[in-house]
Amino acid sequence: MSMNCPHRSAWTERTSGWRRWDRETGRIAGGAVLALALSCSSNLRHSQETESYGFMSIDSGYVWARGPWPEVQASSDPDEVIDQLCPAIMRLDRATARDFGQEYCGVIYSRGDGIYRTTHPSPLGEPQLRGETKQKSCFPVRRVVDPEARVTPILADFHSHPWFPSPLSQQDKMAANQLYFLKIQFDSACQIQKIIPYLDRPDAPGEVYSRRGKRWVLIGIIKPSNKAAGIVTPVGGLD
Ligand SMILES: [Zn+2]
């Protein structure tokens, strides 16, 4: 079935899951296909937009988000920003609702002044035929809208999972999904993980960390030959 939905630019958690989803929808006749087509319409996409986030064009999965988000205090220490993020996001609609839940995506950026801020979290993602699924996704934020900033260099993207325990997924770790210097992910119990992908250093392994209290513990590396697939080699025997 051909659609105008921006599947390829989506941040999918499980490729096999989407394939299954496509096969299912392909088997459903008439009304469901029409519903899917409607769900892909720009009207629906527009209805999901707010003053704080939206689509960069009518037919893309590229999302902008406004910053700063007042729920998170700015800091020169990115970790102070990261530690505020999860509790704030978990207060949002369906952020902890597991199979009925919602992922949120955003970025940590600066105004070129060494002070880090976050955008509003965006729930924009693939249209879903039903509320309950084992897979969730939101589109990564590609552009920051901050009227007080002349530049908005992005340090990291972040996204939440509405389950616990729910660490970085395989898709989260793949090179194709590494957009910035850092990727931050957390679950509904605020277990935080971080990837430093080092995509600009082909000979350096990527690093995967878990936040324990106020420090980052290295839990795995991604060997250069494994970066594309995002295969992690554990270190330390934990996680
Ligand atoms: Zn994820």
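Buried means under 20% relative accessible area, exposed means over 50%, and partly exposed lies in between (1.4 Å probe, protein chains only). The structure is a predicted model, in which local features need pLDDT of at least 70 and side-chain atom pairs count only at pLDDT 80 or more, while totals for chains, interfaces and linings use all residues. Residues are numbered from 1 along each chain as its sequence is written, and side-chain values use heavy atoms, with hydrogens and water left out.

**View 1. The disulfide of Cys105 and Cys138.** A disulfide is a pair of cysteine sulfur atoms within 2.5 Å, and the count by this rule is two. Cys105 is joined to Cys138, with 2.1 Å from S to S. The link connects distant parts of the chain: Cys105 is in strand E3 (residues 105-110), and Cys138 is in the loop between strand E4 (116-118) and strand E5 (141-145), 33 residues apart. Helices (H or I, at least four residues) and strands (E, at least two) are DSSP runs, numbered from the N terminus. Cys138 has a relative accessible area of 1% and is therefore buried; Cys105, at 1% relative accessibility, also counts as buried. The angle about the S-S bond is 85 degrees, and the link of Cys105 and Cys138 is right-handed.

**View 2. The disulfide of Cys86 and Cys190.** The S to S distance between Cys86 and Cys190 is 2.1 Å. The link of Cys86 and Cys190 is left-handed, with -90 degrees about the S-S bond. Cys86 is buried at 0% relative accessibility, whereas Cys190 is partly exposed at 27%.

**View 3. The largest nonpolar core.** A nonpolar core is a set of buried Ala, Val, Leu, Ile, Met, Phe, Trp, Tyr and Cys residues joined through side-chain atoms within 4.5 Å. The largest one has 25 residues, of which Leu85, Ile89, Ile108, Phe158, Ile184 and Phe186 touch the most other members. H4, strand E6 (154-160), E7 and E8 each supply at least two residues of this core. H4 gives the most, with six residues. Apart from this core lies another, of eleven residues, among them Val107, Tyr109, Phe139 and Tyr180.

**View 4. The stacked pair of Phe158 and Phe186.** Rings of Phe, Tyr and Trp (its six-membered ring) pair if their centres lie within 6.5 Å; planes under 30 degrees apart count as stacked, over 60 as edge-to-face and the rest as tilted. The count by this rule is three aromatic pairs. In one of them, Phe55 and Phe139 have ring centres 6.1 Å apart and planes at 70 degrees, so that pair is edge-to-face. Phe158 and Phe186 form a stacked pair, 6.4 Å centre to centre, with 20 degrees between the planes. Phe158 lies in strand E6 and Phe186 in strand E7, so the pair ties together parts that are 28 residues apart in sequence. Phe158 is buried at 1% relative accessibility, and Phe186 is buried at 0%.

**View 5. Charges over tyrosine rings.** A charge sits over a ring if NZ of Lys or CZ of Arg is within 6 Å of the ring centre and within 35 degrees of the ring normal. The charged end of Lys194 is over the ring of Tyr209, 5.1 Å from its centre. The charged end of Arg201 is over the ring of Tyr198, 4.6 Å from its centre.
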